[in-house]
Amino acid sequence: MMTDSQMPLVFWAEAACTAVHIKNRSKTSVHGKTPYEIWNGRRPNVKYMRRFGCVAYLLNKEPQRKKFDPKAIKGIFIGYAMNNTYRIYIPKNGKKLIVM
């Protein structure tokens, strides 16, 4: 994942957490079910999944934004947080955000 996305090595922990998240929602050969399905008793929803390191755009909700300022902030997807939310890295200011 790190090689494919060409992300710096400082994001290796984020890549590892994302890999575990994906593995828990992938079918196993032992039971024929996903670990998520065995634990929760229902099939996981995978429609929200995205490629590690892809471009993500966030809505700019700053109250100081003027009329012709951009409405979106460009970021990089770095993983999943709790309850199907995304972790986004903003290279412009070096922040990591959790968004829905």
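1. Let's start with a pocket. In this predicted model, the lining of the second largest pocket is made up of 6 nonpolar, 5 polar and 3 charged residues. The volume of the second largest pocket is about 240 Å³. The second largest pocket is lined by 14 residues, and those closest to its centre are His21, Arg25, Tyr36, Tyr48 and Asn84. Keep Tyr48 in mind, as we will return to Tyr48 below.

2. Now turn to the largest pocket, which has a volume of about 340 Å³. Among the 14 residues lining the largest pocket, Asn60, Glu62, Ile73, Lys92 and Asn93 are the closest to its centre. Sorted by class, the lining of the largest pocket holds 6 nonpolar, 2 polar and 6 charged residues.

3. Which strand gives the most to the lining of the largest pocket? The answer is β2, with 3 residues. Both β2 and β4 (95–99) supply at least two residues each to this lining.

4. Next, the aromatic rings. A pair of such rings is described by how far apart the centres are and by the angle between the planes. How many aromatic pairs does the model have? The count is 5 aromatic pairs. In one of them, the ring centres of Phe11 and Tyr89 are 4.9 Å apart and the planes meet at 65 degrees; planes over 60 degrees apart count as edge-to-face, so this pair is edge-to-face.

5. Phe11 and Tyr89 are both buried.

6. Here is Tyr48 again, this time as a ring partner of Tyr80. Their aromatic pair is edge-to-face, with 5.5 Å from centre to centre and 90 degrees between the planes. Tyr48 lies in the loop between α3 (35–40) and β1 (55–59), and Tyr80 in strand β2 (residues 72–80). These two residues are 32 residues apart, and their pair also links distant parts of the chain.

7. Are Tyr48 and Tyr80 buried or exposed? The cut-off for buried is under 20% relative accessible area. Tyr48 has a relative accessible area of 9%, so Tyr48 is buried. Tyr80 has 11% relative accessibility, so Tyr80 counts as buried too.

8. Finally, look for a group of rings in the structure above. Ring pairs join Tyr48, Phe77, Tyr80 and Tyr86 into a cluster.

Conventions. Residues numbered from 1 in each chain as written. Predicted model: local features only at pLDDT ≥ 70, side-chain atom pairs only at ≥ 80, totals over all residues. Heavy atoms only, no water. Phe/Tyr/Trp six-rings, centres within 6.5 Å; stacked < 30°, edge-to-face > 60°. Buried < 20%, exposed > 50% of the residue type's maximum accessible area, 1.4 Å probe, protein only. Helix = DSSP H or I, 4+ residues; strand = E, 2+ residues; numbered from the N terminus. 1 Å grid on protein atoms, 1.4 Å probe; cavity = no way out; pocket = protein on both sides within 12 Å on 5 of 7 lines; lining within 4 Å. Points joined across faces, edges and corners; volume = space filled by probe spheres on them. Nonpolar A, V, L, I, M, F, W, Y, C, P; charged D, E, K, R; others polar.
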